[in-house]
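Student: Hi, could you walk me through how some parts of this protein sit together?
Tutor: Gladly, let us look at the model first and then take your questions one by one.

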Amino acid sequence: MSTSVWRVPGMRPLLSMSFLGFCGYAALLPVAPLWAVRGGADEAGAGLVNGVFMLFTVLTQLLVPTALRRFGWGPVMAAGMLLLGVPSLLHLLSNDLWPTLALSAVRGMGFGVLTVTGSAVVADLVPTSQRGRAIGVYGLAIASTQVGLLPAAPWVAEAFGFWVVFGLGALPVVGAPAALTLARHLHSQPAAEDTGERAPYLRMVRPMLLLLAVTLAGGALITFTAQMSSSSALTVGGLLLFSLTAAVSRWRMGALADRAGPQRFVWPLVVLSAVGMVLIAWSVRDPAVTAAAALLGGMAIVGVSYGGLQNLTMLITFAAVTRRHFSQASAVWNIGFDTGTGLGSVLVGLVAAGTSFSTAMMVVAGTSLATLPLAVVRSRPARR
């Protein structure tokens, strides 16, 4: 079903740009903190590396729609790829904390550009009837980098040297020409009518909150599975299962949403997310011995919700606006995603420090369930 999506003009350079960009993101996400530790940073300093990266990602996402209007798609997207890729090689000059944080900030700016422009371009290139499939294919291109590089990059750094990973982290630079090619396809699209209408941000709040809740769960699992699990093999297996089910769910949910609409699948996935987190909470109730089957089952269940709701909330967000406001809609969606991921790390850490990981997972389950009233409400699509 997705072959027709591949034939849409501009999809191939979009997927090339996104794949190379997210390779750079996924390679350094676990390795940049390790590089700072090599330079003498403690746990708090290592945690700041990705914290600064995500902070500058979100701050940049707020500015991308304005930058696109002022400078155009090609220069902004190409600059984003360079900002994401070039600092990776500069890490080789120093592993001290402050230079590492500064380079993380620059990389965060590039990632902010990539995330907003990538999802906005999907909505712009593809007809509404195929948008779910297109978002699914786009999500699969992104997820494939994370499935492979997130667990492998630390091992590659230790086995072959950090320089290999920093080389992989520079792959976004190779994607800059694809960004310029993609911009030519966008310029050939019919111009969106300028009605003077402001972006209807209130319509975007509902899908953003639904996304924030499920990415809070995902951020918690990505950050703390290693600490919750009593076995390193179980940790790797759980995270791999989570990543794979999320990738497949985000991919396949698009076709279902194109046929039946995205709304009807939202509330079952919200419930499924809460059920999976309760199962994980039960599996880690004894810190000494993890219930392996329950943990793996819970990780798979949450992965399905995590991937599926990414696709559905993006579709609902774009349906809430006219084409003229796709860049603003993309910014709102990505801010919800990255904020939820960051909160999942910070809040769960605070709760777990004062109680236990089991209690913290139950809090996340309750947060997911609290969005159920939002899940059953149907949004009114924007007038085209």
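**Helix packing and salt bridges**

Tutor: In this predicted model, the crossing of α2 and α7 is left-handed.

Student: What angle do α2 and α7 pack at, and how far apart are their axes?
Tutor: Helix α2, which covers residues 11–38, packs against helix α7, residues 162–169, at an angle of about 145 degrees, and their axes are 8 Å apart.

Student: Which residues in α2 and α7 meet?
Tutor: On the α2 side they are Cys23, Gly24, Ala27, Leu28, Val31, Leu34, Trp35 and Arg38, and these meet Phe162, Val165, Phe166, Leu168 and Gly169 in α7. Sorted by class, the contact of α2 with α7 has 10 nonpolar, 2 polar and 1 charged residues.

Student: OK, new topic: how many salt bridges does the structure hold?
Tutor: The structure holds 2 salt bridges. In one of them, the side chains of Arg38 and Glu158 meet at 3.1 Å, N to O. Arg38 lies in helix α2 and Glu158 in helix α6, residues 131–160, so this pair ties together parts that are 120 residues apart in sequence.

Student: And what does Arg133 meet in a salt bridge?
Tutor: The side chain of Arg133 meets that of Asp258, again with 3.1 Å from N to O. Because Arg133 lies in helix α6 and Asp258 in helix α11, residues 232–260, the pair ties together parts that are 125 residues apart in sequence.

Student: Is Arg133 buried or exposed?
Tutor: Arg133 has a relative accessible area of 12%, so Arg133 is buried, given that buried means under 20%.

Note on methods:
Residues numbered from 1 in each chain as written. Predicted model: local features only at pLDDT ≥ 70, side-chain atom pairs only at ≥ 80, totals over all residues. Heavy atoms only, no water. Axes fitted to C-alpha atoms, helices over the stretch in contact; angles between N-to-C directions. Helix = DSSP H or I, 4+ residues; strand = E, 2+ residues; numbered from the N terminus. Left-handed = near helix turned anticlockwise from the far one by under 90°. Contact = heavy atoms within 4.5 Å. Nonpolar A, V, L, I, M, F, W, Y, C, P; charged D, E, K, R; others polar. Salt bridge = Lys/Arg side-chain N within 4 Å of Asp/Glu carboxyl O. Buried < 20%, exposed > 50% of the residue type's maximum accessible area, 1.4 Å probe, protein only.
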